[in-house]
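Here is a short note to read beside the structure. Keep the viewer open and check each point as you go.

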Amino acid sequence: MAKVTSAMIQKMRLDKDPVTMLTCTDASFAGMLDQAEVDMFLIGDSLGMVIQGDNSTLGVTMGDMVYHTRCVAKATNRALIVGDLPFGSYQKSPEQAIENAIELMAAGAQMVKLEGGVVMSDTVRFLVDRGIPVCGHIGLTPQSVHALGGFKVQGKSEEAINDLIVAAKALEQSGASAIVLELVPNDVGGRVTEAINIPVIGIGAGPYCSGQVLNLYDMLDIYQGRKPKFVKNFMADSSSILDAVKAYVTEVKAGTFPGPEHCF
């Protein structure tokens, strides 16, 4: 299996080959997801909710992220590994961001993810200029959940849509390799994707993005908390976890997931 790289996901975008991404936080799942040929693994700070039992991502520490990144990296041969920079680990300054990004890269990440658009563009450029690939994250940004007033659909007004497009372009111009776009209507996902020349990985952002990401614990129906509308339970029609993950990959590649029932 050829190793997935930043250049490869860019080619997939150009070839209209949807990128598949799932969260992954341990070696056992990493080996299985690699076998299913998931393109990208996200060591997401959502582990604060699905593993640690908190009601948000805000309590996750750099120590947590480094530990789980190292676990995933040990069992991954094919997928591109993306590590989340947790809340409070990059907002203070670009210097703070690179110090913590270096920790994640040393643990095995091949790209780091941070939340925010225009306000984070200088930090993204600072990291990229120093050899650290970056994935942006706009739309619903869980680390800003209190400022946003909860987990609400974003991009509902023309002004808000324009702000998302400006944010996406700023991240692209700063050198980001990809962007996660969360919880926006279908047409907004399509407009943001068309506005830039790097992959847009959607989560609750409709079928017109360059790829899709879900939380592994949601799509396997493991997490007992509330499931967002955009989640599909892939275990429902599968005889094993591996089959469920393969079904996710197949449906994303075929363009049948997300379906109308998962969209806004």
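Helices (H or I, at least four residues) and strands (E, at least two) are DSSP runs, numbered from the N terminus. This is a predicted model, where local features need pLDDT of at least 70 and side-chain atom pairs count only at pLDDT 80 or more, while totals for chains, interfaces and linings use all residues. Residues are numbered from 1 along each chain as its sequence is written, and side-chain values use heavy atoms, with hydrogens and water left out.

1. **Cavities.** Start with the empty space inside. Rolling a probe the size of a water molecule over the atoms shows where empty space is left. Here a cavity is a set of points, on a 1 Å grid over the protein atoms alone, where a 1.4 Å probe fits but cannot get out; lining residues have an atom within 4 Å of a point. Grid points are joined across faces, edges and corners, and a volume is the space filled by probe spheres set on the points. The whole structure holds 2 cavities of 30 Å³ or more. The largest cavity has a volume of about 50 Å³.

2. **The lining.** Which strands each supply at least two residues of the lining of the largest cavity? They are strand 7 (200–203) and strand 8 (211–214). Strand 8 gives the largest share, 3 residues. The lining includes G202, I203, V213, L214, F257 and P258.

3. **A cis bond.** Two of those lining residues, F257 and P258, are joined by a cis peptide bond, with omega about 5 degrees. P258 sits in the segment after helix 11 (241–254). F257 also belongs to an aromatic cluster, together with F234 and Y248.

4. **Aromatic pairs.** Rings of Phe, Tyr and Trp (its six-membered ring) pair if their centres lie within 6.5 Å; planes under 30 degrees apart count as stacked, over 60 as edge-to-face and the rest as tilted. The count comes to 4 aromatic pairs. Take F29 and Y217: their ring centres are 6.1 Å apart and their planes stand at 65 degrees, so this pair is edge-to-face. The pair links distant parts of the chain, since F29 is in helix 2 (residues 27–35) and Y217 in helix 10 (residues 216–219), 188 residues apart.

5. **Buried or exposed?** Buried means under 20% relative accessible area, exposed over 50%, and partly exposed in between (1.4 Å probe, protein chains only). F29 is buried, at 15%. Y217 is buried too, at 14%.

6. **Charges over rings.** A charge sits over a ring if NZ of Lys or CZ of Arg is within 6 Å of the ring centre and within 35 degrees of the ring normal. R130 lies over the face of F126, 3.6 Å from the ring centre. K229 lies over the face of F264, at 5.2 Å.

7. **Helix 8.** This helix (residues 158–173) has 16 residues. The expected span of a helix is 1.5 Å times one less than its number of residues. Helix 8 reaches 22 Å from its first C-alpha to its last, close to the 22 Å expected. Its buried residues include I161, L164, I165 and L171. Among the elements that cover its buried residues are helix 6 (121–129), strand 5 (134–139), strand 6 (178–182) and helix 9 (186–195); contact means heavy atoms within 4.5 Å. After helix 8 comes G175, whose phi is positive, near 105 degrees.

8. **Helix 9.** Buried residues here are N186, V188, G189, G190, V192 and T193. Their cover includes helix 8, strand 6 and strand 7.

9. **Helix 4.** Compare two of its residues. H68 lies in helix 4 (residues 62–74) and is buried, at 12% relative accessible area. Not counting residues up to four places away in sequence, H68 touches T25, I43, L47 and I51. A73 lies in helix 4 as well, but is partly exposed, at 22%.

10. Most residues other than glycine have a negative phi, and most peptide bonds are trans. L183 has a positive phi of about 55 degrees although it is not a glycine. L183 lies in the loop between strand 6 and helix 9 and is buried, at 7%. D221 also has a positive phi, near 60 degrees. The place of D221 is the loop between helix 10 and helix 11, and D221 is partly exposed, at 39%.

Definitions and conventions. 1 Å grid on protein atoms, 1.4 Å probe; cavity = no way out; pocket = protein on both sides within 12 Å on 5 of 7 lines; lining within 4 Å.
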